[in-house]
Amino acid sequence: MLVTVSAFREPYEAHLFRGRLEAEGIFAVVSHEMHVANKWVLSNALGGVKVQVSTDEIELAREVERACCRGEYREMLRQELGDLDDPVCPYCGGTEYRKRRPFLRAVVAILLSRLAYSVFPPTGWILRCERCFKEYRAPHRPVSVAKLVLAGTAMVAVVIGLLTLQVWFNKVFGCYGQFPCL
Ligand SMILES: [Zn+2]
């Protein structure tokens with residue numbers, strides 16, 4: 001029988017943990033992945049994306065989870081890859097922090113989401129050092145011009161595609177008045 005070791009908000013987080021368990025020789029599966037992927041805003045209400053193992057291996061899996069929480073695998077990563085580019089407090093050099101969204105960006109994201117009936121997550125983080133309790137912004141990672149051009153081109157292509165689809169839809173099925181008839 002399968003039992004849940006841990007639950008995550010996002011499918012990719014669950015797969016990272018499943019990969020860790022399998023690297024330790026523990027067979028694990030991810031469940032409710034598609035359910036959450038289809039309606040991720042309900043992830044918490046659905047109990048999240050679950051990583052499950054057989055009852056025989058639950059204790060081993062819990063030990064791997066505890067090792068993850070203690071940061072043991074993080075240390076292995078650091079030894080293998082060097083600097084992990086963790087945010088460092090500019091005031092005291094501490095690496096432990098809590099994070100929150102900038103207030104103004106959160107308000108803009110909520111307004112945009114309500115207006116467009118879609119989800120516009122806010123960008124950027126403000127980090128609060130756990131050692132000296134001062135706040136600082138997460139390191140800015142600049143986006144290259146090539147990526148901006150690519151994203152802009154993709155957005156224009158999507159808009160043109162949707163308009164073309166709408167023109168075709170109106171021709172074939174007629175105009176239902178929900179959208180402007182082109
Ligand atoms: Zn600090």
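**One residue in its setting**

Modeller: Read along the sequence, the protein follows the pattern β-α-β-α-β-α-α-β-α-β-β-α. That gives 6 helices and 6 strands, taken as DSSP runs numbered from the N terminus (helices: H or I, at least four residues; strands: E, at least two). The model is predicted: local features need pLDDT of at least 70, side-chain atom pairs count only at pLDDT 80 or more, and totals for chains, interfaces and linings use all residues. Residues are numbered from 1 along each chain as its sequence is written.

Proline 11 counts as partly exposed because it has 19 C-beta neighbours inside 10 Å; 20 or more would be buried and 12 or fewer exposed, with C-beta atoms placed from the backbone. Beyond its neighbours within four places in sequence, proline 11 contacts Val30, Glu33, Val36, Ala37 and Val49 (contact: C-beta atoms, placed from the backbone, within 7 Å). Serine 144 is 133 residues away from proline 11 in sequence, and their C-alpha atoms are 28 Å apart.

An automatic or database assignment sets the domain bounds: domain 1 (2-81), domain 2 (97-137) and domain 3 (144-182). Over C-alpha atoms, the centres of domain 2 and domain 3 lie 30 Å apart.

For the whole protein, 11% of the 182 residues count as buried. Among contacts between residues at least 6 apart in sequence, 59% join residues at least 24 apart. The C-alpha atoms fill a box of roughly 60 × 50 × 30 Å along the principal axes.

Technical notes:
Contact = placed C-beta atoms within 7 Å.
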